[in-house]
Amino acid sequence: MKTELSQKLFEKANDLFPGGVNSPVRAFKGVGGTPRFIARARGSHIVDVDGNDYVDYVLSWGPMIVGHCHPEVMREVQDAMKEGSSFGAPSPREILLAELVRERMPWVEKMRFVSSGTEATTSAIRVARGFTGRDDIVKFDGCYHGAGDPLLVKAGSGVETLGLPDSPGVPADVARHTLTAPYNDLGALEKVFEAKGSSIAAVILEPVVGNMGVLVPRPGFLEGVHALCRKHGALFIVDEVMTGFRLSAGGACGLYGLRPDLVTFGKVIGAGLPVGAFGGRRDVMDRVAPAGPIYQAGTLSGNPMAMAAGHAALKLMTEAAYRKLETLSAALADGLVAAAAEAKVPVQLNRVGSMLTVFFSDRPVFDAASARACNTRRFGAFFHAMLEHGAYLPPSQFEAAFLSTAHTDDDVARTVAAARVAFAEAAKVA
Ligand SMILES: Cc1ncc(COP(=O)(O)O)c(C=O)c1O
């Protein structure tokens, strides 16, 4: 496979951007090698600058649920652009998208549009703190909620461990207000609440984790977290940046029957344009400026082209579209499991709907610790062999692969054929 042009561009990029990229995970650090520079995309395929064509399972890290360049999305965005690309004033397309969101997720009684998932989660945390008058928040080890200071904290080992900043530049004074607990462990969360309950403003979680690879919530876990929040007067924030409008029309909350206090969105809600949103209980959202005193603002928030893209994509996501995604995803998962078994490579395939991860482990993977125990060298060999054979997976063991409604049975067959070779390569690695 030719990669000269990607390599040349990466050399230039390294001189222009830290690590050659504008967002870290694109740099292939988890698997080694040179990232491919993408020239164009269409449907379920992307093509790099050297002309290599791949079935795309990254989908811009999730947003492209109807595939790349869907004609309906392009048409609505072009219409919006012709009318003006930004006004800094209210415009009708904000209402159209918001009404669609609330129709599918009635628990989002009021919302605010922002421009990224990070903006959505950091804003939701501020709102929870402002509403409750409390400073501490709880997150789970391995859940990623964007690059904002209060959420860039990893778990310590003990249940009551005060957060340690995950990055230089996050003040220890900020991080100490972020408490952590292991995902899928209600007992641990209960202990955090017993110790600090009256100072906890909110618990935030990924309802299905995508950022440690896919981790599936155990039966009763999500409901249990919500019950503990209620008992202690904390808000329950479900971060649906990845799962929202992907796992069902009602997102993960719709799938698991949750009615959270606040929800955050990103990715699919903008169909590839920069959009995020947070929303939920009317009494909480009415505390947000200018209705209330909790400040939140954005020059490009509710941008008409971004609203148009989200609106077009959500309209395309009918019940039949979700059924198609489920059938394709199940077929891919079955094919990958069979290919791994053929190559005698022990794997765990975690999947919810159109999010899936192949973990190189012989034990169930259900939290950050069991995910970290996976064989990342094997994953690296598997990833590169898949790439070589035309399947573009996320370049890390700790990420979710996504499918779109543009994927076809042929794409899945081509991917499973590549996986037969790739698992055989992985088997050679200790
Ligand atoms: C669950 C979750 N929350 C928040 C974010 C941050 O979103 P963004 O990258 O748009 O800022 C991400 C990004 O991957 C995410 O997966």
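**Helices and confidence**

I take helices (H or I, at least four residues) and strands (E, at least two) as DSSP runs, numbered from the N terminus. With that in hand I looked just after helix H11, where Lys344 takes a positive phi of about 55°.

I am reading a predicted model, in which local features need pLDDT of at least 70 and side-chain atom pairs count only at pLDDT 80 or more, while totals for chains, interfaces and linings use all residues. Residues are numbered from 1 along each chain as its sequence is written, and side-chain values use heavy atoms, with hydrogens and water left out.

I checked pLDDT, the predictor's confidence in each residue from 0 to 100. The protein averages 95, and 97% of the residues score at least 70. Residues 155-162 fall below 50. Beyond near neighbours in sequence, that stretch has 15 contacts (heavy atoms within 4.5 Å) in the model. Where pLDDT is low, the predicted coordinates should not be read in detail.

I went back to H11 and asked what its end-to-end span should be. The expected span is 1.5 Å times one less than the number of residues.

Next I looked for its buried residues (under 20% relative accessible area; exposed is over 50%, partly exposed in between; 1.4 Å probe, protein chains only). Among those in H11 are Tyr322, Leu325, Leu328, Leu332 and Leu336. Alanines are on the list too, including Ala321, Ala330 and Ala333. The buried residues of H11 pack against H10, strand S13 (348-352), S14 and H14.

H10 covers residues 304-316. Its 13 residues should span 18 Å, and the end C-alpha atoms are 18 Å apart, so the two agree. I found H10 mostly covered, with eleven of its 13 residues buried. Pro304, Met305, His311 and Leu314 are among them. What covers the buried residues of H10 includes helix H2 (71-83), H3 and S4.

A cavity is a set of points where a 1.4 Å probe fits but cannot get out. A pocket is an open set with protein on both sides within 12 Å along at least five of seven lines. Lining residues have an atom within 4 Å of a point. Points are joined across faces, edges and corners, and a volume is the space filled by probe spheres set on the points.

The second largest pocket holds about 620 Å³ of space. Of its 25 lining residues, the closest to the centre are Glu94, Arg112, Phe113, Ser301 and Gly302. Which element gives the largest share of this lining? I found that H3 does, with five residues. H3 (92-104) and strand S4 (110-114) each supply at least two residues.

I sorted lining residues by class: Ala, Val, Leu, Ile, Met, Phe, Trp, Tyr, Cys and Pro are nonpolar, Asp, Glu, Lys and Arg charged, the others, Gly among them, polar. This pocket's lining has ten nonpolar, nine polar and six charged residues.

My search of the whole structure finds one cavity of 30 Å³ or more. Of the 16 residues lining the largest cavity, the closest to its centre are Leu356, Val358, Leu393, Pro394 and Ala401. The volume of this cavity is about 140 Å³. H11 (319-342), strand S14 (355-359) and helix H13 (376-388) each supply at least two lining residues. The lining has eleven nonpolar, four polar and one charged residues.

**Loop residues**

Is Gly210 buried or exposed? I read 0% relative accessible area, so Gly210 is buried. Gly210 lies in the loop between strand S9 (200-205) and helix H7 (221-232). Leaving aside neighbours within four places in sequence, Gly210 contacts Met242, Met355, Phe398, Glu399 and Ala400.

Met105 sits in the loop between H3 and S4. Met105 counts as buried, at 0% relative accessibility. Beyond four places in sequence, Met105 is in contact with Phe245, Ala249, Gly250, Gly251 and Phe265.

Thr405 is in the loop between strand S16 (401-402) and helix H14 (409-427). I noted 15% relative accessible area, so Thr405 is buried. Not counting residues up to four places away, Thr405 touches Ile65, Val66, Met317, Ala321, Lys324 and Leu325.
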